[in-house]
Amino acid sequence: MTAEITSLPPVDLRSDTVTRPTPAMLAAMSAAPVGDDVYEEDLTVRRLEEMTAARFGLEAGLFCPSGTMTNQIAIKAHTEPLSEVICEQTAHVYLWEVGGIAFHSSASVALLVGERGRLTAEQVEAAIRPQNIHYPTTRLVCLENTHNRGGGSCYSWDDMAAISDVAQRHGLARHLDGARVFNALVATGQRGEDYGQLFDSISVCLSKGLGAPVGSVLLGSAAFIQKTKRIRKVMGGGMRQAGYLAAAGIYALENNVARLADDHRRAARLAEVLRQQPYVSDVLNPETNLVIFRLHDSQPAAEFLAALEQQGIKASSFGPQWIRFVTHLDVDDAGLARVEAALQQVAQPA
């Protein structure tokens with residue numbers, strides 16, 4: 001039985017970044033008209049930037065290699081040295097981007113404790129610094145939707161709008177790390193076109209749930225995006241015939257958004273199965289495609305991951321005794337069934 005399992009391709013639940021382009025996406029990439037994007041002559045890049053901006057009610061976009069780059073470019077553009085950025089304590093812009101806020105922007109960070117990564121307007125307003133030469137100047141509020149460390153949690157529209165109102169009243173810029181924003185849109189029924197009312201800039205990742213091999217688009221006003229082009233250049237983000245990559249993003253936007261509901265359904269099923277296992281002590285309710293759960297102390301995480309690996313299942317540690325599963329377009333119902341069987345196998349006594 002083990003030999004049969006290991007002969008199958010692995011079911012990789014580590015992240016939705018592990019997907020590979022489908023034949024149809026590869027065909028779109030190979031057929032893309034391209035030019036030199038540093039000279040602004042790549043028509044496919046222009047099309048991707050324009051269509052992404054239109055989807056979120058903003059004027060312009062900037063195609064970049066990664067979401068880390070789009071987030072850090074936005075923070076740099078919105079701040080100056082001695083500024084402060086308000087975000088949740090487990091925000092990707094703070095926790096997973098190598099201290100980029102300090103390195104690129106010479107700004108400090110006001111870290112707030114959210115509920116599964118989500119902040120309230122009251123928290124944000126309380127964190128705004130008074131004018132005092134001893135303090136940094138609050139310049140920017142960053143939200144993350146969905147929130148990775150919160151288990152793919154989504155903001156309600158009213159909560160985002162309330163935070164946006166606070167920021168506007170205090171003259172603060174508003175940035176959204178939308179690495180998985182399409183998951184949030186599908187889960188909540190919100191309209192992406194309305195997001196431009198709430199945020200001055202949005203980072204949209206194409207290489208997570210949407211399945212493109214690489215790339216994120218930073219969105220904002222035409223003047224803001226013109227400013228960010230210089231920052232992208234100094235970070236080494238200028239690309240040449242980038243249309244081949246942009247074509248994958250276009251294909252993803254046109255074909256892979258609605259199907260995110262399938263990932264959410266499979267994540268909900270995994271959470272249901274996990275709750276039935278004697279070695280699982282807690283499961284965060286999955287709102288989208290991330291399932292985060294805690295193992296009992298009697299079940300060491302390293303041994304659990306190794307047991308799954310023997311069954312052809314890959315997963316990630318997400319802190320002491322915490323594990324993360326991520327569903328995506330390379331995990332179908334047959335793969336889901338394999339994961340369920342592997343979880344049952346772990347539960348059986350040796």
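Reply: Helix 4 and helix 10 cross in a right-handed manner. A crossing is called left-handed if the near helix is turned anticlockwise from the far one by less than a right angle, and right-handed if clockwise. Helices (H or I, at least four residues) and strands (E, at least two) are DSSP runs, numbered from the N terminus. This is a predicted model, in which local features need pLDDT of at least 70 and side-chain atom pairs count only at pLDDT 80 or more, while totals for chains, interfaces and linings use all residues. Residues are numbered from 1 along each chain as its sequence is written, and side-chain values use heavy atoms, with hydrogens and water left out.

Me: At roughly what angle do the axes of helix 4 and helix 10 cross?

Reply: Axes are lines fitted to C-alpha atoms, for helices over the stretch in contact, and angles run from 0 to 180 degrees between N-to-C directions. The axes of helix 4 (residues 67-78) and helix 10 (residues 222-234) cross at roughly 115 degrees and come within 9 Å. Helix 4 is therefore roughly perpendicular to helix 10. Angles under 35 degrees count as roughly parallel, over 145 as roughly antiparallel, 65 to 115 as roughly perpendicular and the rest as oblique.

Me: Which residues of helix 4 and helix 10 meet?

Reply: Contact means heavy atoms within 4.5 Å. From helix 4, Met69, Ile73, Ala74, Lys76, Ala77 and His78 meet Phe224, Lys227, Thr228, Ile231 and Arg232 of helix 10. This contact of helix 4 with helix 10 has 6 nonpolar, 2 polar and 3 charged residues. In this scheme Ala, Val, Leu, Ile, Met, Phe, Trp, Tyr, Cys and Pro count as nonpolar, Asp, Glu, Lys and Arg as charged, and the others, Gly among them, as polar.

Me: How do helix 13 and helix 14 cross?

Reply: The axes of helix 13 (residues 301-310) and helix 14 (residues 333-347) come within 10 Å, crossing at roughly 130 degrees. Helix 13 and helix 14 are therefore oblique to each other. Their crossing is right-handed. Phe304, Ala307 and Leu308 of helix 13 make the contact with Ala342, Leu343 and Val346 of helix 14. The residues of this contact are 6 nonpolar, no polar and no charged.

Me: Is the crossing of helix 3 and helix 11 left-handed or right-handed?

Reply: Helix 3 passes helix 11 in a left-handed crossing. The axes of helix 3 (residues 43-55) and helix 11 (residues 243-255) come within 8 Å and cross at roughly 35 degrees. The contact of helix 3 with helix 11 has 7 nonpolar, 4 polar and 3 charged residues.

Me: What should I look for in the backbone?

Reply: Most residues other than glycine have a negative phi, and most peptide bonds are trans. Here the peptide bond from Asn145 to Thr146 is cis, with omega near 0 degrees. Thr146 lies in the loop between strand 5 (137-144) and helix 8 (157-169). Arg116 has a positive phi, near 50 degrees, and is placed in the loop between strand 4 (108-112) and helix 7 (121-127). Gln321 has a positive phi too, near 70 degrees.

Me: Which domains does the assignment give?

Reply: Domain bounds come from an automatic or database domain assignment. In this chain the assignment gives domain 1 (11-18 + 259-347) and domain 2 (32-255). Their C-alpha centres lie 28 Å apart, and 18 residues of domain 1 are in contact with 22 residues of domain 2.
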